[in-house]
Amino acid sequence: MSMDYQVAIVGAGPAGLAAALTLSRSMMHSVVIDSGRPPRNASSPFVASLPGFDKTPPADMREAVRRNILAYPYAEFLEAEVEGIQRMQKGFELSIGEDRKLSAGSILLATGMQDVLPPLEGLNACWGRSIINCPFCHGIEWQNTRWGIYAHRPEVVGAAEIYRNWTNQLTYFLAPEVSPAADRQKRLQQLCASIETDLPTRVHHDNGAITHAETPDERLIELDCLLIYPHQTQTSLVSGLNLALTDAGYVEVDEGFRTSEAGLYAAGDLVYPGHQNTPTGFHMGNMAAATIVMDICFGTLSCFQNAQPILQKTHLGSSRWHSRSHFVSAERSKT
């Protein structure tokens, strides 16, 4: 049975687009399937730290890469929802909207992760504008201003020294369940302008520009920006595939971005809890595509069980919260 495509890419974010370009330049026929819903960074004013695209609006960057891909006659784009993936005798069958199906020899999952935003009134109006989630992406735009740090995870408490690179006007909002050790509490007091022992319930803003954070006892604290690392969860499509996941809930892959299922690859935020940004997504998509090409050429569609996995294997239910930390690499270096 012939395949409709050699490779189906699910997701048209940075990882999916980079993979499609690499596959096209390798003369592999692919289809990029994307739901058309606004991407995670849709509210961000620009892409940062990407050579050649620094401070370019996300939509403009995506369109530029798409033009690069379509300059070759090997890739197609399809706006649809992938509702399921089934293994066939050879390759896979993808179920998409309106009872349509298509087949592919290999699949690259580039779905990203779903952010689970905290219950903070006013967050949606400020998200991507004056509420940021990465100092490396947006910190310089808020240098030497009043930052709030939404510490609803213990990992965030350990990053005060990093935030001080951009400002010394830090207000830490500690969730009641986040209780720093005595030495860390002392260090926070040295580094921060102030420490609040509860999370804010509301942000006051002027057209998305934060002016104050409101505490549970209705006090108003002046801020210019608020930093939040949201919890994340896999998409329902990925959760239903029974792939091996890491303890933190990300798809486990080997050094070639192969998953635990032969012929299924994954790249982008869904495999990486660390520094999630556009350059990292491009890199992972490019590397995953190169692996796919090599596996096709050698006729070996292996899973990571035949290679050294990057992270420990485990299975998690789709309902579990998945936290991420931008300091994973630093923590690993200590062990």
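Colleague: In which sense do strand β12 and strand β13 pair, and over how many bridges?

Modeller: Strands of a sheet pair through backbone hydrogen bonds, in either a parallel or an antiparallel sense. This is a predicted model, and in it β12 (residues 202–206) and β13 (residues 209–214) are antiparallel, with five bridges. H204 stands opposite H212 of β13. The hairpin of β12 and β13 has two residues between the strands, and N207 takes a positive phi near 55°.

Colleague: What is the strand order in the open sheet of five strands?

Modeller: The order is β8-β15-β9-β10-β11, and the pairing is parallel. At the edges stand β8 (131–132) and β11 (194–196), each of which pairs on one side only.

Colleague: Now the helices. How do the axes of α1 and α2 cross, and within what distance do they come?

Modeller: Two packed helices are described by the angle between their axes and the distance between those axes. For α1 (residues 14–25) and α2 (residues 58–70), the axes come within 9 Å and cross at roughly 20°. An angle under 35 degrees counts as roughly parallel, and α1 and α2 are therefore roughly parallel to each other. Their crossing is left-handed. On the α1 side the contact involves P14, L17, A20, L21 and S24, which meet R62, V65, N68 and I69 of α2. By class, this contact has six nonpolar, two polar and one charged residues.

Colleague: Which angle and handedness describe α1 against α9?

Modeller: The axes of α1 and α9 (residues 278–298) cross at roughly 40° and come within 7 Å. The two helices are therefore oblique to each other, and the crossing is right-handed. From α1 the contact uses P14, A15, A18, A19, T22 and L23; from α9 it uses residues including F282, G285, A289 and V293. The residues of this contact divide into ten nonpolar, five polar and no charged.

Colleague: How many aromatic pairs are there?

Modeller: The count comes to three aromatic pairs. One of them is F136 with W166, which is edge-to-face, at 5.4 Å centre to centre and with 85° between the planes. F136 lies in helix α4 (residues 135–138), and W166 in the loop between α6 (160–163) and β10 (170–174), so the pair ties together parts that are 30 residues apart in sequence.

Definitions and conventions: Residues are numbered from 1 along each chain as its sequence is written. This is a predicted model: local features need pLDDT of at least 70, side-chain atom pairs count only at pLDDT 80 or more; totals for chains, interfaces and linings use all residues. Side-chain values use heavy atoms; hydrogens and water are left out. Two strands pair if DSSP finds at least two bridges between them. Helices (H or I, at least four residues) and strands (E, at least two) are DSSP runs, numbered from the N terminus. Axes are lines fitted to C-alpha atoms, for helices over the stretch in contact, and angles run from 0 to 180 degrees between N-to-C directions. Angles under 35 degrees count as roughly parallel, over 145 as roughly antiparallel, 65 to 115 as roughly perpendicular and the rest as oblique. A crossing is left-handed if the near helix is turned anticlockwise from the far one by less than a right angle, and right-handed if clockwise. Contact means heavy atoms within 4.5 Å. Ala, Val, Leu, Ile, Met, Phe, Trp, Tyr, Cys and Pro count as nonpolar, Asp, Glu, Lys and Arg as charged, and the others, Gly among them, as polar. Rings of Phe, Tyr and Trp (its six-membered ring) pair if their centres lie within 6.5 Å; planes under 30 degrees apart count as stacked, over 60 as edge-to-face and the rest as tilted.
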